Amino acid sequence: MVDPNAMGGGDPMFQIIPIFIGIIFVIVIGSILISVFKGVGEWQKNEQSPRLSVPAVVTSKRMDVTKRSNMHHHNDTHHHHSSSTQYFVTFEFESGDRSEFHVAGKEYGLPSEDDTGVLSFQGTR
């Protein structure tokens, strides 16, 4: 008698599942590596940029709130909400040019629109 499992036969699911798991693994690791390389590239670009201190006016402030909702069904429905907030401040220079900067929450609360002062920055930070 011939064993069908010894010849590479058997359930096709046992052949497809490892390939599927491998593909997912490669996608996740690839996404992480791409994020790391982008972050390092932006850091290097900022390090090579000159440090500038220029007169500027705060023209606007905005928040970008991202909300996520997960539902878990146990005896009754439970909703889990999470959110993240990013803060941005736009400055206008004497030349009329504008630049928007991503800032920390504690820095976001300090300036008000139409505040004037000297803005110090290097690249995107």
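**View 1. Two salt bridges are found in this structure.** A salt bridge here means a side-chain nitrogen of Lys or Arg within 4 Å of a carboxyl oxygen of Asp or Glu. The model is predicted, so local features need pLDDT of at least 70 and side-chain atom pairs count only at pLDDT 80 or more, while totals for chains, interfaces and linings use all residues. Residues are numbered from 1 along each chain as its sequence is written, and side-chain values use heavy atoms, with hydrogens and water left out.

**View 2. Glu100 pairs with Arg62 in a salt bridge.** Look for the closest N and O atoms, which are 2.8 Å apart. This pair links distant parts of the chain, as Glu100 belongs to strand β3 and Arg62 to strand β1 (residues 51-73), 38 residues apart. Glu100 counts as partly exposed because its relative accessibility is 40%, and Arg62 counts as partly exposed because its value is 37%. The classes are buried (under 20% relative accessible area), exposed (over 50%) and partly exposed (in between), using a 1.4 Å probe and protein chains only.

**View 3. Glu92 meets Arg98 in a salt bridge.** Here the N to O distance is 2.9 Å. Glu92 has 26% relative accessibility and so counts as partly exposed, whereas Arg98 is exposed because its relative accessible area is 54%.

**View 4. The largest pocket holds about 240 Å³ of space.** A pocket is an open set of points on a 1 Å grid over the protein atoms alone, where a 1.4 Å probe fits, with protein on both sides within 12 Å along at least five of seven lines; lining residues have an atom within 4 Å of a point. Its volume is the space filled by probe spheres set on the points, which are joined across faces, edges and corners. Of the 13 lining residues, Phe91, Phe101, Val103, Glu107 and Leu119 lie nearest the pocket centre. Strands β2 (77-93), β3 (98-103) and β4 (116-122) each give two or more residues to this lining. Eight lining residues are nonpolar, three polar and two charged. Nonpolar covers Ala, Val, Leu, Ile, Met, Phe, Trp, Tyr, Cys and Pro; charged covers Asp, Glu, Lys and Arg; the others, Gly among them, are polar.

**View 5. Two helices and four strands make up the pattern α-β-β-β-α-β along the sequence.** Helices (H or I, at least four residues) and strands (E, at least two) are DSSP runs, numbered from the N terminus. Of the 125 residues in the protein chain, 13% count as buried.
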